[in-house]
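Have a look at the model first, and then read on.

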Amino acid sequence: MGVVSAKSKILHAAACVVERAGAGHLTLDAVAEESKLSKGGLLYHFPSKRALLSGMLEHLLDRLQERAHEAQLATEASTVSALIQAQQTQDDDERAMGRALIAAAAEDPSLLEPARKVLNAWIAAVREESHYGVLLLLAVEGLRFMEMLNLLDLAPAERARLYQQMAELAQEVAV
């Protein structure tokens with residue numbers, strides 16, 4: 001395993017704090033303690049809680065786009081199929097970061113502006129490719145959102161089956 005960057009370590013620590021204590025307890029002090037970095041070391045990379053939250057969102061969007069791009073290259077999948085595959089492989093850290101961002105966005109909706117731009121770009125791309133693609137994209141995002149908020153008690157096999165069904169539908173309705 002390679003060397004973990006300080007930023008990655010901090011983002012993982014932030015996810016752990018949210019997972020363990022909830023989004024309301026995400027503080028710079030808690031993240032510094034969890035990451036075993038000094039607060040100064042944390043502040044070097046993320047000078048404020050807002051910067052940390054922005055970093056978490058950037059990480060989430062980058063990872064999702066990377067996985068979708070990899071899926072498109074590997075399988076020549078449509079945009080919606082690639083996004084379904086990418087969402088299916090979201091890890092626990094990413095789900096925890098998403099919960100923190102939702103809580104933070106309640107106080108500062110402008111934090112979600114980068115996500116809004118990315119989502120609208122995906123919708124535009126999907127619209128070009130498939131008549132029902134937007135509907136499927138919204139379904140996969142809805143499932144992700146409900147899981148992120150722990151609103152569903154899905155067994156891993158059931159969750160995988162739902163994503164598989166959405167992927168199959170995406171192939172069937174491709175233009």
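**Helix 7 and its surroundings**

Helix 5 (residues 79-88) packs against helix 7 (residues 113-129) at an angle of about 130°, and their axes are 8 Å apart. Axes here are lines fitted to C-alpha atoms, for helices over the stretch in contact, with angles running from 0 to 180 degrees between N-to-C directions. The two helices are therefore oblique to each other (under 35 degrees is roughly parallel, over 145 roughly antiparallel, 65 to 115 roughly perpendicular, and the rest oblique). Thr79, Val80 and Leu83 of helix 5 make the contact with Trp122, Ala125, Val126 and Glu129 of helix 7, where contact means heavy atoms within 4.5 Å.

This is a predicted model, in which local features need pLDDT of at least 70 and side-chain atom pairs count only at pLDDT 80 or more, while totals for chains, interfaces and linings use all residues. Residues are numbered from 1 along each chain as its sequence is written, and side-chain values use heavy atoms, leaving out hydrogens and water.

Which residues of helix 7 are buried? They are Val118, Trp122, Ile123 and Val126, buried meaning under 20% relative accessible area, exposed over 50% and partly exposed in between (1.4 Å probe, protein chains only). These residues sit on the same side of helix 7 because they cover an arc of only 140° around the axis, taken from the directions from the helix axis to the C-beta atoms. Lys117, Arg127 and Glu128 are exposed on the other side of helix 7. The cover over the buried residues includes helix 4 (49-75), helix 5 and helix 8.

Helix 8 (residues 133-148) also holds Glu147, which counts as buried because its relative accessibility is 12%.

Notes
Helices (H or I, at least four residues) and strands (E, at least two) are DSSP runs, numbered from the N terminus.
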